[in-house]
Amino acid sequence: MSPELRTILGALPRYAGNEVAAPMLPRHCYTSPEFFAFEREAVFGRSWVCVGRTDQLPDPGDCLAASVAGEPVIVARTRAGRLHAMGAVCQHRGHVLSCDADRPNGLLRCPLHFWTYDLDGRLVGAPRMGDMLAQLRDTVRLPPVRIEPWHGFIFVNLDPAAPPLAPSLAKVEPCWEGYEDADLVTVPPVVAATPVPWNWKVQLENFTDAYHPEFVHTGTHDFAPSVLGNDGVAFTPMQDGDNAILRSVPMLHPDGGMMREGWGAEAMFPPIGSLSAEQRARLSFAMIPPNLQLMFAPGAVSYTLLVPTAVDATFASSDRVTGGGWILPRSTVELPDFAERAAAVREGASKIWAQDIPVNNAMQAGKRSRFMPAECYGPLETTLVQFNAWLLRAYHRAAPSD
């Protein structure tokens, strides 16, 4: 380790369990390229990372490419119909493989020497290799990567020893009740063309912070206040081993959702009849670190995927950044005016996003300052404390013991 990284790791608060308040992280955790490189392996290289939705791969031969902890990965639906994830690096000379390149017969073909793999990762062709080909076919395979579907999401994990995903997300299961009775389909998010200029943790902190909407999102978030008389934001306790952070807020009226001005009563996506009365009266925000954000609303589940590429460069794909990232009843998507409804949701989301951009920029700037405070969390920031605890658990698990 470099002296800089050793100093940052030495300054980390100790992990005392998720039931204990976790202090703010040192500012260098948001600004140091060396610490970001450590995070790539310690967090993204050992966690379940969401790369898409199963209905993006409906047919055998379909595949999608992703970057996980900086590593190229391909997820494919094999000829047998199962999902398979593998490292996307040709095992001849190391050329990165692509789902977009020429794919004869639904195979993966390296453009350098035309070595070809099936979607189980087995080598099936290697031109000009002569008598070596038979042995190569028996021994060469794209490295498999662990994969686990969860409610239609595709998660992968580079760590072969990581615990399974589903048990760690048990607290989110009640959020799904009633949704999957509605014949859901996915409108995937458009991939962002440029990264946002702040640390990936700033993005997740903004999403999970129940304190700021009252002040930052005036006019766009008033319909779903964190404080409403005797009601308000509800936090779900964080247990050791959890990989989800969950809160919910009431709406002023049931069946609200996104509209042109943000959250409001005249939701563009119709309410789902199979949901409970409580689900139709509240919004639930679930963060599955390190890269998935979920919002459960009466008419839809929306989601954001994050792909950090540098300490202050994060690709974010959702209706707030580009478009899509919706899980909807098929009946909603088939409405004759769905395109107009979707455009209105994107417009409202873009207004919320426009309010977040200067805040996130200023937060990242503050992390670079010597005047960055050490700790001052309020009761509406419970989820931030939980996120810090999750991070500290990951950091200390991966940090060298010496």
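This is a predicted model: local features need pLDDT of at least 70, side-chain atom pairs count only at pLDDT 80 or more; totals for chains, interfaces and linings use all residues.
**View 1. H151 sits in a loop between two strands.** The loop that holds H151 lies between β8 (144–150) and β9 (153–157). Look at the backbone here: phi of H151 is near 50 degrees, a positive value in a residue other than glycine. Most residues other than glycine have a negative phi.

**View 2. F114 also has a positive phi.** For F114 the angle is near 65 degrees. You will find F114 in the loop between β5 (108–109) and β6 (116–117). Its relative accessible area is 41%, so F114 counts as partly exposed.

**View 3. A cis peptide bond joins P289 to P290.** Omega for this bond is near 20 degrees. P290 belongs to the loop between β17 (282–288) and β18 (292–297). Most peptide bonds are trans.

**View 4. Negative charge gathers on the surface at E173, E177, E180 and D181.** E177 is exposed because its relative accessible area, 53%, is over the 50% cut-off.

**View 5. R14 touches L392 and H396.** Start from the loop between α1 (3–11) and α2 (33–44), where R14 is found. R14 and Y395 are 381 residues apart along the chain, yet 9.7 Å separates their C-alpha atoms. With a relative accessible area of 66%, R14 is exposed.

Conventions:
Residues are numbered from 1 along each chain as its sequence is written. Side-chain values use heavy atoms; hydrogens and water are left out. Patches are made of residues with over 30% relative accessible area and no salt bridge: like charges are joined within 9 Å, nonpolar side chains (Val, Leu, Ile, Met, Phe, Trp, Tyr) within 5 Å. Accessible areas come from the Shrake-Rupley method with a 1.4 Å probe; for residues, only the protein chains shown count as cover. A salt bridge is a side-chain nitrogen of Lys or Arg within 4 Å of a carboxyl oxygen of Asp or Glu. Lys and Arg count as positive and Asp and Glu as negative; His and the chain ends are not counted. The place of a charge is taken as NZ of Lys, CZ of Arg, CG of Asp or CD of Glu. Buried means under 20% relative accessible area, exposed over 50%, partly exposed in between (1.4 Å probe, protein chains only). Helices (H or I, at least four residues) and strands (E, at least two) are DSSP runs, numbered from the N terminus. Contact means heavy atoms within 4.5 Å. Lists of a residue's contacts leave out its neighbours within four places in sequence.
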